[in-house]
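Biologist: I would like to learn how to read a model of this kind step by step, beginning with the surroundings of the ligand. Could you take me through it?

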Amino acid sequence: MSPSNSRVTTPGAPVAERAHTEVAVGILIREDGALLLSSRPEGKPYAGYWEFPGGKLEAGETVEQALRRELDEELGVTIGPAEVWKVTEHDYPHALVRLHWCKVYQWTGDFEMREGQRMAWQQFPLTVTPVLPGAFPVLDWLASERGFEGAVLAQASQG
Ligand SMILES: Nc1nc2c([nH]c(=O)n2[C@H]2C[C@H](O)[C@@H](COP(=O)(O)OP(=O)(O)OP(=O)(O)O)O2)c(=O)[nH]1
């Protein structure tokens with residue numbers, strides 16, 4: 001048998017072409033510049049960790065459509081325009097995720113934590129802890145845009 005269509009892998013080892021999970025993430029920015037973070041609900045990987053709200057794209061959805069659906073489902077708000085600002089990747093044990101980050105300045109509706117999560121408006125340095133590691137690059141970019149030069153997480157919230 002020709003070896004060309006076969007690949008030797010170690011059981012349990014990650015395969016080279018591990019599929020990405022596409023995720024839409026919203027950076028909701030209030031007029032005073034505060035950023036909305038929410039805690040991950042029970043039952044999800046990294047439950048209790050703080051993150052920017054969002055979730056996985058469903059088949060056929062654009063990032064903006066997925067974000068609009070997720071923020072309605074999770075927070076009860078309808079967002080205005082959302083454009084992708086940055087794309088990052090993070091390799092977790094549970095998934096290799098590709099995060100599509102959108103800044104959102106407009107929304108309507110009252111925040112309602114529909115999945116039992118918590119929410120917090122935050123300025124730098126963030127005081128919520130722990131924060132999902134996949135969000136760190138974006139926190140650094142947001143901080144540097146604002147000319148904030150200290151640690152993005154307050155001393156007490158650094159692990
Ligand atoms: N929402 C969000 N997800 C993030 C951030 N940083 C980060 O690494 N992620 C990762 C964690 C998860 O692996 C993935 C999001 O998936 P999820 O499980 O929360 O998505 P979902 O709401 O669609 O979940 P599901 O219950 O429908 O499966 O992206 C972030 O700041 N916000």
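Modeller: The largest share of the shell around the ligand comes from S4, which gives three residues. Please keep in mind throughout that this is a predicted model.

Biologist: Which strands each supply at least two residues of the shell around the ligand, and which residues are the closest?

Modeller: Strand S1 (20-28), strand S4 (54-56) and strand S7 (96-104) each supply at least two. The ligand is surrounded by 17 residues, of which Glu-51, Gly-54, Gly-55, Lys-56 and Gly-134 are the closest. By kind, the shell divides into 10 nonpolar residues, four polar ones and three charged ones.

Biologist: What do the elements of the protein look like when they are read from the N terminus on?

Modeller: The order is β-β-β-β-α-β-β-β-β-β-α, and the secondary structure comes to two helices and nine strands. Of the contacts in the protein with a separation of 6 or more, 67% are made by residues 24 or more positions apart.

Biologist: How are strands put together into a sheet, and what is the order of the open sheet of four strands?

Modeller: The strands of a sheet pair through backbone hydrogen bonds, in either a parallel or an antiparallel way. Here the open sheet of four strands has the order S4-S1-S7-S6, and its pairing is mixed. S4 and S6 stand at the edges with a single partner strand each, so one side of each has no neighbour in the sheet. From one strand to the next, the twist averages 20°. Helix H1 (residues 63-75) packs on this sheet, where it touches S1, S4, S6 and S7, and the direction of H1 makes about 65° with that of S1.

Biologist: In what sense do S6 and S7 pair, and over how many bridges?

Modeller: Strand S6 (residues 83-91) and S7 pair in the antiparallel sense, over eight bridges, and the two strands form a hairpin with four residues between them. Two of the partners can be followed in the structure: Glu-89 has Arg-98 in S7 as its bridge partner, while Val-84 has Cys-102 in S7.

Biologist: What is the order of the open sheet of three strands?

Modeller: That order is S3-S2-S9, with antiparallel pairing. Strand S3 (50-51) and strand S9 (119-122) are at the edges, each with a single partner strand, so one side of each is left without a neighbour in the sheet. S2 and S3 pair over two bridges in the antiparallel sense, and the bridge partner of Ser-38 in S3 is Glu-51, a residue that is also among the closest to the ligand.

Biologist: Why does Arg-68 count as buried?

Modeller: Arg-68, which is found in helix H1, counts as buried because it has 22 C-beta neighbours inside 10 Å, where the cut-off is 20 or more. The C-alpha atoms of Arg-68 and Cys-102 are separated by 11 Å, although the two residues are 34 apart along the chain.

Key. Residues are numbered from 1 along each chain as its sequence is written. This is a predicted model: local features need pLDDT of at least 70, side-chain atom pairs count only at pLDDT 80 or more; totals for chains, interfaces and linings use all residues. A residue is near a molecule or strand if its C-beta atom, placed from the backbone, lies within 6 Å of it. Ala, Val, Leu, Ile, Met, Phe, Trp, Tyr, Cys and Pro count as nonpolar, Asp, Glu, Lys and Arg as charged, and the others, Gly among them, as polar. Two strands pair if DSSP finds at least two bridges between them. Axes are lines fitted to C-alpha atoms, for helices over the stretch in contact, and angles run from 0 to 180 degrees between N-to-C directions. Two residues are in contact if their C-beta atoms, placed from the backbone, lie within 7 Å. A residue is buried if 20 or more other C-beta atoms lie within 10 Å of its own, exposed if 12 or fewer, and partly exposed in between; C-beta atoms are placed from the backbone.
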